[in-house]
Amino acid sequence: MVEKFVGTWKMISSDNFDDYMKAIGVGFATRQVGNRTKPNLIVTVDDQGIVCLKSQSAFKTTEIRFKLNEPFDETTADDRKTRTVVTLENGKLVQKQSWDGKETNIEREVTDGKMVAKCIMGDVIAVRTYVREA
């Protein structure tokens, strides 16, 4: 199921991301950079079933490696230290990050050749849309 996410994805739009970053506690300067950055997302899976999500931009490259349903420690692009678990739910790749008693979800779904990532923190939802490059 995770195979449909594999590839290189180029961001084409980002809506409400500033409000999402505010909701998770990102400071002003980092939000300014985050709002201007249009990262590529590279998704791979190795023969052991380990998924790699690499976010690449001129500003910063971050990479996480994980097995579905197995919690791991993540340092996010904005330097939060989270306990993260990624699951497949109804065809969506759902990344749950927990830190300091807070939780946010990033739901990625592929439809009509686009990957839509919904970043959810409470009632704040940002939508970032990607198209497949390779």
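**Exercises on the pocket and the sheet**

**Exercise 1.** Sort the lining of the largest pocket by residue class.

Solution. The lining has 16 nonpolar, ten polar and ten charged residues. Here Ala, Val, Leu, Ile, Met, Phe, Trp, Tyr, Cys and Pro count as nonpolar, Asp, Glu, Lys and Arg as charged, and the others, including Gly, as polar. The model is predicted: local features need pLDDT of at least 70 and side-chain atom pairs pLDDT 80 or more, while totals for chains, interfaces and linings use all residues. Numbering starts from 1 along each chain as its sequence is written, and side-chain values use heavy atoms, without hydrogens and water.

**Exercise 2.** Name the residues that lie nearest the centre of the largest pocket.

Solution. Start from the 36 lining residues, each with an atom within 4 Å of a pocket point. A pocket is an open set of points on a 1 Å grid over the protein atoms alone, where a 1.4 Å probe fits, with protein on both sides within 12 Å along at least five of seven lines. Nearest the centre lie F17, S55, T62, A77 and R128.

**Exercise 3.** Give the strand order of the open sheet and find its edges.

Solution. Strands are DSSP runs of E, at least two residues, numbered from the N terminus; two of them pair if DSSP finds at least two bridges between them. The ten strands follow the order β4-β3-β2-β1-β10-β9-β8-β7-β6-β5, paired antiparallel. β4 (61-66) and β5 (72-75) each pair on one side only, which makes them the edge strands.

**Exercise 4.** Count the bridges between β8 and β9.

Solution. β8 (residues 102-111) and β9 (residues 114-121) run antiparallel and are joined by seven bridges. V110 has M115 of β9 as its bridge partner.

Conventions: Helices (H or I, at least four residues) and strands (E, at least two) are DSSP runs, numbered from the N terminus.
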